[in-house]
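Subject: Structure for you to look at

Hello,

Here is the structure I said I would pass on. Please open it first, then read the notes below.

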Amino acid sequence: MSAAEEAQTARSARNGWLLSAPALVVLTVAAAGPLLIVVVYSFLLPGKYGNVEWGFSLDGWRGILWSKDIFTDEYVLADAHLTIFWRSVKLSVLTTITTFLVGFPTAWFIATRPASQRALWLFLITIPFWTNLLIRTYAMNEVLRSEGLMNTVLMKLGLIGSPLQVMYTDIAVFIGMTYVYLPLMVLPLFAAIDRFDMRLLEAAYDLYASRMQVLRRVILPIVKPGIIAGSILVFVPSLGAYVTPRVLGGGKQMMIGNFIELQFGQGRNWPLGSALSMALLVVVMVALLIYVKYANREQGHG
Amino acid sequence: MNAVNAVEARNTVKAFGQGDSAVRALDDVSVEIRKGEFFTLLGPSGCGKTTLLRLIAGFEMPTSGSILLEGQDITHLPPNRRPVNTVFQSYALFPHLTVAQNIGFGLTMQGRPAREVKETTDRMLALVKLEAMAGRKTSQLSGGQQQRVALARALAPQPKVLLLDEPLSALDLKLRKEMQIELKRLQTETGITFVFVTHDQEEALTMSDRIGVMSAGKLQQVGSAKDIYTRPVNRFVASFIGETNFLPATTVPGGVRLATGDVIELADQAGRSGAVTVTIRPEQLRLCDPAEAGALAATVRTLVYFGTDTHCHLELADGTEVVARLQSPADGEAGLAQGQRVGLRPVPGAARVVED
């Protein structure tokens, strides 16, 4: 490459960077800015009527796990908080696993349709996105409540004698989240399976693999990037879910998202809410880093 | 029956689609493939050769008829329970596994102990000369190396029959020639029965012990390369393998009379009489003096120089075009000119009557 050409390449690279400058500015202001405010607020004092008062304090961070005993003024481990964290993690893991178990056959089905039909199936998968999340969640309420669709059908079939009390339980939240996040699992899985070379199935089958072995030894390892992407897309928003636990879990079955909202609302403890948000962010990021690192190492070993 | 055949297809029919629109990819095909032979299914694309291979592998079930492996009916056994392995046209190597893991896959799936898998894998790596690549991912290999991995992978479980579905078609010419020799060597060394599918007649002629020529879902002829080249049963076989001339003729006692009126002596009329087609290979035609007795009168139309030989396109008295392949003289000059009148004489026994 001649010097002139090199200079030309360097110049176009510089210009390319300049072209993306507006996007970078927006990203910085829109993503880093609010985050910075949350970080700062987490180290301030709660205001009397919400908001914050200027003054450094670690109470917000301490409040994640400990609460002040009203009588003794001592800090004790906050059981209620731990219950909420545990429920969030448990429901998010369950939701991720269930969406995978339901989503994998779905994605496989779509990916193995003739090319002309695939677009239609994918379109059907994305239809729920057209409706507001809140409305979809209330629709789930209609399905799950005592006089709802599920109980009516089960009772008409004579499978149960009295309505199942599903609403306002963890199960309702779990069912609701599985329904809401299923497309987020199906789409990346579809993308991975679509790239999968179906001829490998015959090769494995020819080399004495049983159907189960074909799935475990060939299909799953090869579509793993899709499984990871889908799991992240489901697990992360599940952990911070707000609307679904609010509507289907009632006020009682809170998840982290509702707990954070509580601090900014009735709780009037913005520093605690900010600290909780940051903690959630850190937990998710650490979890993702470990996951990605583990996945990459697997890849390296083959 | 002296020895049990490695593979036998009995009256196999494979139809795709339903009712009237059904297409018969295989139309009542019966073939016996002997133990330890290199058998080639040769035919143009869509002739049903790959379908027959897939029936033997177990990827397809025949609509009717049966497949036997060493005398045992395996028609309804799934592929993972047939001691038969396939080398795929696309190789279908597992991208998430190393070369060694690919080769050991079949053995691992059979539940062989890890030590045996390792030993066999090492032996296979040596057999295909890829010891240095054992730990590589298959995507890091060249086309020829991938081909070798696919071969080693299919050979590792020591199948009774190895099926090869146009395995060389993705390689360039030079590599293809090398792999042809390599394949023949592997087949001789392992003693495994090879069933090789190809549309390349040269590949078929150079490697096979026997060839089955297929067309339109039917097996046209089975025989050694020589049999098929020198004694084709019909017009399709004669034209698909090698180049040839077809001349319309009618039978006369002890020979055939061409449309030009000339008579060619012919011992075997293939049991036919009346209007027939006679085939003569271009290299079986000699030029001579037009005045010579029994010579066919011909006019030189075009000369095409091919190096070792020269193709001479000629026109007979009735307008039929024939090609004669002449060995090129040392100076490359055939000594012929366009429009020159020459005599043409088939080598004795070269002319054959074929079915249309």
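**What was found**

In chain B, the C-alpha centres of domain 1 and domain 2 lie 40 Å apart. Please keep in mind that this is a predicted model. The domain assignment of chain B puts domain 1 at residues 7-230 and domain 2 at residues 243-354.

Next, a sheet in chain B. Four strands form an open sheet, in the order β2-β1-β4-β5, and their pairing is antiparallel. At the edges are β2 (23-33) and β5 (72-73) of chain B, each of which pairs on one side only. Strand β1 of chain B covers residues 7-16 and runs antiparallel to β2(B), with seven bridges joining the two. To find one of these pairings on screen, look for B:T12, whose bridge partner in β2(B) is B:V29. Helix α1 of chain B (residues 49-57) packs on this sheet, where it touches β1, β2 and β4 (64-69) of chain B. The direction of this helix makes about 115 degrees with that of β1(B).

Now chain A. How do the axes of helix α1 (residues 3-19) and helix α2 (residues 21-42) of chain A cross? They cross at roughly 40 degrees and come within 4 Å. An angle under 35 degrees would count as roughly parallel, so α1(A) is oblique to α2(A). On the α1(A) side, the contact is made by A:W17, A:L18 and A:L19, and on the α2(A) side by A:A21, A:P22 and A:L24. By class, this contact has six nonpolar residues, no polar ones and no charged ones.

Regards

Technical notes
Residues are numbered from 1 along each chain as its sequence is written. Chains are lettered from A and ligands numbered from 1 in the order in which they are written. This is a predicted model: local features need pLDDT of at least 70, side-chain atom pairs count only at pLDDT 80 or more; totals for chains, interfaces and linings use all residues. Side-chain values use heavy atoms; hydrogens and water are left out. Two strands pair if DSSP finds at least two bridges between them. Contact means heavy atoms within 4.5 Å. Axes are lines fitted to C-alpha atoms, for helices over the stretch in contact, and angles run from 0 to 180 degrees between N-to-C directions. Angles under 35 degrees count as roughly parallel, over 145 as roughly antiparallel, 65 to 115 as roughly perpendicular and the rest as oblique. Ala, Val, Leu, Ile, Met, Phe, Trp, Tyr, Cys and Pro count as nonpolar, Asp, Glu, Lys and Arg as charged, and the others, Gly among them, as polar. Domain bounds come from an automatic or database domain assignment.
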